[in-house]
Each structure stands twice: as C-alpha cells, then as structure tokens.
Amino acid sequence: MSTETTGEGDDRRQSFWAWGWADRLPTDEERRELKSRIEGMLGFPERPLLDLPTLDDVTLAPPRVEPPADLSCAATTDKRDRVTHTYGSAYRDLVRGFHGQFDDAPDVVAYPERESDVQAVLDWAAEANVAVVPYGGGTSVVGGVECDGSGYAGVCSLDMRRMNDVPEVDEHSRAARIEGGATGPEIQDQLADHGLQLRHYPQSYEFSTFGGWVATRAGGHFATRYTHIDDFVESVRAVTPAGTLETRRLPASGAGPDPNRFLLGSEGAFGVITEGWARVQPRPPYRAKATVRFDDYWDAVAACREVVQARLTPANCRLLDSNEAMLNEVAFDGSSVLLLGFESTDSLSPIEADLDRAVEIAEGHGGRVSEGPTTEDRTTDADESRTGDADKAADGSEANDGDEDGDSGEWRDSFVEAPYMFNSLVSMGVLVDTFETAVTWDQFPALHDAIQETVTDAMEDECGAGFLSCRFTHAYEDGPAPYYTLLAPADVGRELEQWRAIKEAASDTLMDYGATITHHHAVGRVHRDHYHEEVPEHYLDALRSMKRTLDPEGIMNPGALL
C-alpha cells in the first residue's frame with residue numbers, strides 16, 4: 001500500500017501527515033481509480049495526482065525548550081514525534097501536512113504513564129512558561145491540539161496514550177474506571193473479559209481516547225438515547241495546575257450544578273483528564289433492521305421525526321439524502337434512504353414490534369421498504385471475536401449489521417473508509433470537509449435550504465463547482481443533527497484560502513438560523529468565535545474565571561475553547 005517510511009523492523013505507526021496507519025495510505029492505482037470516479041460522478045475538472053510526501057520533505061525549526069533531565073516520564077524532541085503531534089485530522093490539517101507545513105510543531109512531546117507524571121509535567125510547564133496541549137488520538141477536526149505557542153517559552157504536547165488501562169470494573173453496577181489514554185479498541189478488549197462493552201463508537205473509534213471523548217463531549221453513533229459520551233460518564237478525575245479535581249461517582253444527583261459538566265467539553269483548557277467512571281453494558285444479541293427509500297426528501301424527514309417522537313428509540317435512525325446515498329454507493333436512483341435498526345439485551349419481541357411500527361410510520365409518509373425487516377439472534381455466537389462486534393458497531397448502522405450485504409453494509413463500508421478517502425482526495429486537489437449541527441425540527445427546513453444555497457454558492461465562487469450532501473447522524477424528539485459533506489475542486493496552493501471562505505459561509509448560516517456551531521466535533525480553535533456567539537457572555541465570564549482558578553498561569557491548551 002504505502003511507501004511512507006516507518007523504518008525497517010518498527011512497529012506499525014500512524015502516518016505523519018494523514019489519517020490513520022501509514023501502511024494504509026493509498027497506492028497510485030487506488031488514487032487513479034478514485035480520481036476517475038470523482039471526475040465522472042461529480043463532474044469535476046481533471047484533478048492532478050500529486051506525489052505523496054515523506055518525512056524527509058519536512059524541515060522543522062529547532063525546539064525552543066528542552067525537557068528537564070529529572071522529568072519523571074519519557075519526553076522527547078525527536079522530529080517524528082514533534083511532527084505527528086502538530087495537528088489533528090481535519091481537511092486543513094491534512095493539507096498542511098501534505099505540503100510539509102509544520103511551523104507550529106510542539107517543542108517537546110511527553111508520554112506520562114501515571115498521574116504523578118502528568119502533575120510533574122504541569123509543574124515544570126508552569127514554572128518554565130511552557131504551554132501544555134493534552135493529546136489523545138490526534139483526531140480533532142477543529143484545531144483542538146495545535147498551538148503556535150505565542151507568548152510562551154515553548155509548547156509541550158502531552159500524549160496520554162500510555163495511560164490506557166481499565167483498572168476497575170463494577171459488574172454489579174455496570175460501570176468501569178477507565179484511564180484517559182485508552183483507545184476504543186483497548187477499552188473494548190479489556191471490558192470483554194467481563195462480558196461488557198462501553199458501546200461508544202465515534203468514527204475515530206480506532207484511534208481516539210476516553211479522555212479525548214470526555215474533553216470534547218464526543219458523539220457516538222447511536223442515533224437516539226446513547227448519543228454522547230455525556231450519557232455514559234459517572235465521574236471524572238483531572239489533574240490541573242492548581243491540583244487534582246475529582247467528581248463523586250453517582251448514578252445521578254440534584255445537588256447544584258453538575259461538576260462533571262465543567263470537565264465534559266473542557267478541551268484541555270482547565271486540566272488533563274486522567275480517568276473516569278463510565279456506564280457499561282452487555283453486548284445486545286438481539287437485533288432488527290430495515291431500509292426504507294423515499295422519492296421525496298421531506299417525506300423522509302417527516303418520517304424520521306415521527307419515529308423518534310413516537311419514542312421508539314432506534315439505535316440507528318440514519319437518514320441519507322439522495323446525494324449522500326449516491327456518494328456512499330447506497331442508492332443511485334435519486335431516492336433518500338432511511339436506515340432503521342433496533343437492538344435489545346432481552347429478546348426479539350420488543351424490537352420486532354418497534355421496527356414494525358417504525359416501518360409502518362415510514363410507509364405512511366410514502367416510504368417503501370427496500371430491505372428487511374430482518375431480525376438476528378446472536379445469543380449462540382460464542383466464537384465472535386472481542387473486537388469484531390465493535391467494528392460492526394462503529395459503522396453507520398450502529399451495531400445492527402449482522403452481515404455486510406445490502407444498503408446497511410454499503411453504508412458501513414463507506415463510513416469506516418471515509419477518513420482514509422480524505423487522504424486520497426487531498427492528494428488530488430479535492431477540497432473535502434464536513435460540518436455538523438443540531439436544530440429544532442421547526443427550524444430545520446429553513447436552515448437546510450439556506451445551507452444548500454450559501455455553501456453551494458461559496459463553493460462555486462471559490463472553486464467553480466461543488467457537491468454537498470446531508471445525513472442525520474442523530475435524531476432527537478425536538479430536532480435532528482444534520483451532518484453535511486462537501487467536495488469541490490481546489491486550486492493547489494490556495495486550498496486553505498478556499499476552505500476558509502466556504503467554512504465561514506457554513507458557520508455564519510448556522511448562527512443565522514439558530515443552530516449550534518457544533519453537535520459533536522467540539523469547539524477547539526476553528527469554532528471558537530462562533531461558539532462565543534452561541535453562549536451567553538456571562539457564561540463565558542464564568543468559564544474564564546474557572547480557568548483562572550484551575551490554571552492560574554494560563555498554560556493549558558491556550559486558544560482552545562476560550
């Protein structure tokens with residue numbers, strides 16, 4: 001696959017510039033096939049096929065600071081470590097990485113193995129005026145892990161991935177204590193010994209960490225009920241420059257403002273999340289699913305709304321508009337597609353009834369069932385691998401694909417491979433990005449129409465053409481969470497300029513129509529200004545006061561969130 005050098009005999013490593021594993025970067029043949037598909041399907045002008053970069057192409061300034069010799073954890077100024085900790089995984093990150101632009105690389109990368117190591121790094125950084133950026137999987141798409149270090153002696157990236165244990169499981173209460181650096185597969189593997197799962201599956205599941213999920217209020221891919229990491233967290237423990245902060249482990253409390261809420265979504269601006277207790281559950285062996293197609297998009301929207309307002313709580317209620325269905329090779333006939341899925345730990349009876357009712361609602365709005373309904377009983381599947389179910393759950397059908405056939409299977413394959421496809425698109429001069437939001441049902445039609453107009457116009461103005469699609473990632477009783485994907489032919493060398501204009505058009509439209517600037521991608525630095533428009537000024541003052549209390553020297557991830 002890839003020719004990116006990792007060093008003979010080295011363990012598998014992530015790419016220094018792209019999403020995912022270095023050995024999964026595309027071959028020239030794969031890129032040519034995608035190039036032909038994009039030009040043919042979307043009508044884009046001929047795209048270039050640029051050479052993939054190597055680490056030798058990157059020139060770094062020398063580190064401004066060195067880690068102290070007596071630091072209790074491993075720390076390095078190695079080139080590859082600094083480069084791979086510079087950016088997240090957004091389009092603009094991939095573009096800068098592809099072109100070897102790593103001007104804001106951290107000076108030091110530290111790898112704590114225990115909480116005392118984290119405290120030691122923060123103590124050194126506060127005394128030396130070094131900014132500290134907590135780092136999990138590096139999957140931020142909002143500039144959450146990049147820091148230019150202006151006003152600081154240097155920048156230290158604090159990589160938490162060596163703190164990756166699940167040291168305690170309370171099977172009686174169905175909860176687990178999870179360290180902040182544990183990735184999705186690591187959590188899955190350790191909980192499997194107890195017959196349990198966390199069942200939080202963001203698209204970044206393979207690389208992102210528990211601490212990162214909490215710090216960014218990450219959204220999983222269950223369409224209803226268990227939608228955000230918030231729904232799982234019992235308590236959180238964080239190390240701040242002012243000391244350790246730990247909330248009490250409780251199933252619920254009415255005692256004042258919830259202290260967990262000050263850490264959920266804090267994005268490293270106050271401290272470093274080292275561990276937390278999270279609700280876990282057994283794998284649901286009973287599943288039921290169906291695919292419904294609609295000729296009219298707004299009929300599909302109405303059906304989706306009625307399903308969730310009937311409180312049927314489907315695990316999957318994924319609505320793809322016709323462009324999204326075509327892009328992901330689910331449907332090419334111009335229809336919108338609603339993927340429905342239910343699951344249970346008890347029996348098939350309740351979810352069969354719920355699926356039948358959901359299908360009945362969809363058919364009442366003009367939908368036609370193209371696949372299903374089908375059910376699955378996996379209680380006898382004792383040989384299933386520990387991570388196999390996670391792979392199927394981390395797809396577009398939210399653990400409801402018992403097989404890889406049909407619309408759900410096509411969607412799942414496309415969903416899992418999408419971040420890798422971004423790598424290829426960047427290398428052929430295609431601007432590709434996503435943005436997501438949430439809005440009430442009554443406001444969605446006006447918002448959607450405005451997004452279609454403003455973003456399409458911006459792409460045409462900047463790039464001469466463009467393609468926009470939409471899907472619902474989550475559906476609530478009071479509103480949907482639409483997720484938009486855009487593609488446009490970029491001018492190589494002007495990609496970031498073009499991206500900024502299109503991104504600004506999208507963000508301004510969200511604000512104009514009362515939607516949130518982000519539903520599950522966090523604030524970071526990209527969304528900061530629009531986030532400040534969204535929340536009350538006095539609330540921002542309260543957050544600033546909290547930062548002064550917990551981070552008096554202002555070293556924690558400066559520029560993110562606040």
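The model is predicted, so local features need pLDDT of at least 70 and side-chain atom pairs count only at pLDDT 80 or more, while totals for chains, interfaces and linings use all residues. Residues are numbered from 1 along each chain as its sequence is written, and side-chain values use heavy atoms, leaving out hydrogens and water.

A disulfide is a pair of cysteine sulfur atoms within 2.5 Å, and the structure holds zero of them.

Next, select Cys-73 and Cys-156. The sulfur of Cys-73 has its closest cysteine sulfur in Cys-156, 7.6 Å away and again too far for a bond. Cys-73 is buried, with a relative accessible area of 10%.

Go on to Leu-431, Val-455 and Leu-487. These residues have the most contacts inside the largest nonpolar core, which has 91 residues (a core is a set of buried Ala, Val, Leu, Ile, Met, Phe, Trp, Tyr and Cys residues joined through side-chain atoms within 4.5 Å). Keep Val-455 and show its contacts, meaning heavy atoms within 4.5 Å. Leaving aside residues up to four places away in sequence, Val-455 touches Phe-435, Leu-468, Leu-486, Ile-502 and Ala-506. A second, separate core has 27 residues, including Val-65, Val-132, Met-163 and Met-556.

Then select residues 184-192, which form helix H5, and pick out Gln-190 within it. Is Gln-190 buried or partly exposed? At 22% relative accessibility, Gln-190 counts as partly exposed. Apart from residues up to four places away in sequence, Gln-190 touches Asn-164, Asp-165 and Val-166. Its side chain reaches the backbone nitrogen of Val-166 at 2.8 Å.

Finally, show the whole chain. Along its principal axes the C-alpha trace spans about 70 × 60 × 55 Å. Buried residues account for 57% of the 562 residues. Of the contacts between residues at least 6 apart in sequence, 73% join residues at least 24 apart. The chain exposes about 21900 Å², with carbon and sulfur atoms supplying 44% of that area (Shrake-Rupley method, 1.4 Å probe).

Note on methods:
Buried means under 20% relative accessible area, exposed over 50%, partly exposed in between (1.4 Å probe, protein chains only). Helices (H or I, at least four residues) and strands (E, at least two) are DSSP runs, numbered from the N terminus. A polar contact is a pair of N or O atoms within 3.5 Å; within protein, one must be able to donate a hydrogen and the other to accept it, and residues adjacent in sequence count only if both atoms are side-chain atoms.
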